[in-house]
Amino acid sequence: LIYSPIQVPLTKIRTLDCGLQTTTFNQLFYADVVTYSTGNYDFEFTDIATNIVTIKSRPNNIASLGDAGLFELNKTYSVRVRTKVGNNWGNYGPACLIYSPAQVPLTKIRTLECGLQTTTFTQLYYADAVSYATNYEFEYVDINTNAITYRVRPNNAASLGDAGLNQYNKIYNVRVRAKVGNNWGAFGTVCQIKSPINVTQINS
């Protein structure tokens, strides 16, 4: 006689990732693989401060906080995992702690466009993308007058015209920050963006 297993083997966050301090919300961590798993893994996240439980079903043994919709900074989660073999779900295995990022990652005007001389006021430039960001705020400082203009965008693309900056022969120090969940990050490093040149104005 050959007997089938009494239960689906337990799984858990792999030892390498147990106690992980994430630095981004898309940073991946892994559960131990279970042989013959159908590819379904449930990740259970318990906020140790509030006891709120979030369960995210994944088609493989890989997860991230962002994928589970967990975007709060400085959180500690007790994480358990279970998997499915055939039609049978296993029990949750031992818990491991996963720590959310301490801050939203910094962003800036991407290197390709740092120092850009625009030729039109609608010419686009881009900030480095931040995973799961829902907004980007562009800060423009006129280097001659120190006047500051802010423009919030729903993505990482911007233009001078979109920010209401329609003067020729201007140079702006530009910084960008991103919003993830309810959290704004800090502004990143400065890049200069130059408005279109009007030769007539320069020579006048």
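Reader: What should I know before I start?
Author: The model is predicted, so local features need pLDDT of at least 70 and side-chain atom pairs count only at pLDDT 80 or more, while totals for chains, interfaces and linings use all residues. Residues are numbered from 1 along each chain as its sequence is written, and side-chain values use heavy atoms, with hydrogens and water left out.

Reader: How many salt bridges does a search of the whole structure find?
Author: The search finds 13. A salt bridge here is a side-chain nitrogen of Lys or Arg within 4 Å of a carboxyl oxygen of Asp or Glu.

Reader: Which residue does K12 meet in a salt bridge?
Author: K12 meets D32, at 3.0 Å from N to O. K12 is in the segment before β1 (20–21) and D32 is in the loop between β2 (29–30) and β3 (37–47), so the bridge ties together parts 20 residues apart in sequence. Strands, like helices, are DSSP runs numbered from the N terminus: a strand is E with at least two residues, a helix H or I with at least four.

Reader: Is K12 buried, exposed or partly exposed?
Author: K12 counts as partly exposed at 24% relative accessibility, and D32 counts as partly exposed at 27%. Buried means under 20% relative accessible area, exposed means over 50%, and partly exposed is in between (1.4 Å probe, protein chains only).

Reader: And R80, which residue is its salt-bridge partner?
Author: R80 pairs with E44, and their closest N and O atoms are 2.7 Å apart. R80 sits in strand β6 (residues 76–85) and E44 in strand β3, so this pair ties together parts 36 residues apart in sequence. R80 is partly exposed at 29% relative accessibility, whereas E44 is buried at 11%.

Reader: Which cysteine is paired with C18?
Author: C18 pairs with C96, and the sulfur atoms are 2.1 Å apart. The link of C18 and C96 is left-handed, with -105° about the S-S bond. C18 is partly exposed, with a relative accessible area of 38%, but C96 is buried at 6%.

Reader: What about C114?
Author: C114 forms a disulfide with C191, with 2.1 Å between the sulfur atoms. The torsion about their S-S bond is about -105°, so this disulfide is left-handed. C114 lies in the loop between β8 and β9 (116–117), and C191 lies in strand β16 (residues 191–194), 77 residues apart. C114 is partly exposed at 37% relative accessible area, and C191 is buried at 5%.

Reader: What is the pairing, numbering the bonded cysteines in sequence order?
Author: The pairing is 1-2, 3-4.

Reader: Now the core. Which residues touch the most other members?
Author: The largest nonpolar core has 39 residues, and F29, F43, F45, Y125, F138 and Y140 touch the most other members. At least two residues of this core come from each of β3, β6, β8, β11 (133–142), β14 (171–180) and β16. β14 gives the largest share, five residues. A nonpolar core is a set of buried Ala, Val, Leu, Ile, Met, Phe, Trp, Tyr and Cys residues joined through side-chain atoms within 4.5 Å.

Reader: Where is Y36?
Author: Y36 is in the loop between β2 and β3, and it is exposed, with a relative accessible area of 70%. Leaving aside neighbours within four places in sequence, Y36 is in contact (heavy atoms within 4.5 Å) with K84 and V85. The C-alpha atoms of Y36 and V85 are 6.1 Å apart, with the two residues 49 apart along the chain.

Reader: Is T107 buried or exposed?
Author: T107 counts as buried, at 2% relative accessibility. T107 is found in the loop between β8 and β9. A polar atom of the T107 side chain lies 2.5 Å from the backbone oxygen of D128. Not counting residues up to four places away in sequence, T107 touches several residues, including A127, D128, Y136 and T189.

Note on methods: Disulfide = S-S within 2.5 Å. Polar contact = N/O pair within 3.5 Å; in protein donor to acceptor, adjacent residues only side chain to side chain.
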